[in-house]
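This briefing goes with the sequence and structure shown below. Please keep both in view while reading the points that follow them.

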Amino acid sequence: MIGLIMLGSIVNYLTRSTLAVAAPTLLKDLHITEKEYSWIVSAFQATIMAQPGAGYLLDILGLKTGLAIFVVAWSATSMAHGLANSWQALAGLRALLGFSEGSANPAGMKATALWFPASERGLAGGVYNIGASFGSMLAPPLVAWAILAFNWRVAFVITGVLGLLWLVLWLLFYQAPEKHPALTETERDHIAAGQEKHLQDDGTRPSFGRIFKQRNFWGIALPRFLADPTWGTLTFWLPLYLTNVRHFDLRQSALFAWMPFLAADFGCLFGGTVAMALQKRSGLSVVNARRCAFSVGAVMMLGVGFAGFVSSPYAAIALLSLAGFAHQTLSVTVITMASDLFRKNEVATAAGMAGMFGNAGLLIFSLLIGGLVATVGYAPFFVCLGLFDVAGAIILWTLVRERGVPPETTP
């Protein structure tokens, strides 16, 4: 089941990464400037911040039906990118894509909360989040091939069709644990036994106001606000950085731009494994184990600050790959914590609200890059990424309370 969710995440991030890989060719073809490109990227980030709404719909409609509707929307929107002839049209399409694709993270967290006991969610969340990095890793070679064999417009059609193919698998194979015919009673009992009793579905609709009042929400939302700019930088700006600063052509970018995302795949597994090992061997609670894993990733993230100062482009790629590994190490832990701190009937809503803050951070950072990169370069932005995550670790340790404390407790 987590493999099915991971595959959907791969398609989701492949779809959203297509623009970044096609950007050097697309911008030249449509005469779009870097500043206008930042507006296009920002349109996506502005609407993906509607994740709370997407999460709320998933909690209300149910995971299977709700996600199916969103997949149809993002697949159709992706294919429509191939018809765009101006930056304004692309910005509008990116806005539509952002809203529909914002469903992926809340859906993944809801599925993880439903299908796994608390002690296994860290690793399960790591496997699910491999989809984000693997989809982004797959984009450079696939999109470059589509551009060289056809054109950049065909690349968007291909990724849209892949979304519809995954939808068929989703409708055929996904069921909730209590309904899945292949699940044995022993397996159902194992899942149920590992669920936190005070986080069970209480039969009410999720409340934005109740979630906003919880210090645990702010304890995961603010670190995401500080951490997510790293992923946005790698996803939306790396191909342009390699082209404009390191002077790579399309083929060279296709050879190297996927490497930070391969490293991120290992980071997904590393973060979940570290948290699980700390629980089993050191006796730490689920929450403290995740906080420790986040802190390890934050320390490693300091290395990305040197990427703008090294003369070798290959050393820069190595440091950016370290950033991909470190970011997913910490990101998967803080994302998974939504399932540790909120009731089953509000996990998707809470994850979506935290995702809104993450994408707000990405939006602001992307606008700053677009407005300032021509004058200050990329180096200051790389330095900031590492410092942001250290601050995020401090917030995570300061605000989040142990899961034994009732979740409705306010600051």
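The model is predicted. Helix α8 runs over residues 152-173, while helices α16 and α17 take up residues 347-376 and 379-399. H31 and H247 are in loops, and R224 belongs to helix α11.

**Helix α8**
- With 22 residues at 1.5 Å a residue, α8 should span 32 Å, and the 33 Å between its end C-alpha atoms agrees with this.
- Buried positions in α8 are W152, A155, F156, T159, G160, G163, W166, L167 and W170.
- These buried residues line one face of the helix, because they fall within an arc of 130° when α8 is viewed down its axis.
- L165 and L172 are exposed residues on the face of α8 that is turned away from the buried side.
- At the start of α8, the backbone nitrogen of R153 has a side-chain oxygen of N151 within 3.0 Å.

**Helices α16 and α17**
- The axes of α16 and α17 come within 10 Å of each other and cross at roughly 145°.
- On the α16 side, the residues that meet α17 are F365, L368, I369, L372, V373 and V376.
- Their partners in α17 are P380, F381, C384, L385 and F388.
- By residue class, this contact of α16 with α17 has 11 nonpolar residues, no polar and no charged.

**Two loop residues with positive phi**
- Most residues other than glycine have a negative phi.
- H31 has a positive phi, near 55°, and is placed in the loop between α1 (2-30) and α2 (34-48).
- The relative accessible area of H31 is 68%, so H31 is exposed, the cut-off being over 50%.
- H247 also has a positive phi, near 60°, and its loop is the one between α11 (215-244) and α12 (250-256).
- H247 counts as exposed because its relative accessibility is 61%.

- R224 is buried, because its relative accessible area of 7% is under the 20% cut-off.
- Leaving aside neighbours within four places in sequence, R224 is in contact with N105, P229, V334, I335, A351, A354, G355 and G358.
- Among these contacts, A351, A354, G355 and G358 fall in the residue range of α16, 347-376.

Conventions. Residues are numbered from 1 along each chain as its sequence is written. This is a predicted model: local features need pLDDT of at least 70, side-chain atom pairs count only at pLDDT 80 or more; totals for chains, interfaces and linings use all residues. Side-chain values use heavy atoms; hydrogens and water are left out. Helices (H or I, at least four residues) and strands (E, at least two) are DSSP runs, numbered from the N terminus. The expected span of a helix is 1.5 Å times one less than its number of residues. Buried means under 20% relative accessible area, exposed over 50%, partly exposed in between (1.4 Å probe, protein chains only). The arc is that of the directions from the helix axis to the C-beta atoms. A polar contact is a pair of N or O atoms within 3.5 Å; within protein, one must be able to donate a hydrogen and the other to accept it, and residues adjacent in sequence count only if both atoms are side-chain atoms. Axes are lines fitted to C-alpha atoms, for helices over the stretch in contact, and angles run from 0 to 180 degrees between N-to-C directions. Contact means heavy atoms within 4.5 Å. Ala, Val, Leu, Ile, Met, Phe, Trp, Tyr, Cys and Pro count as nonpolar, Asp, Glu, Lys and Arg as charged, and the others, Gly among them, as polar.
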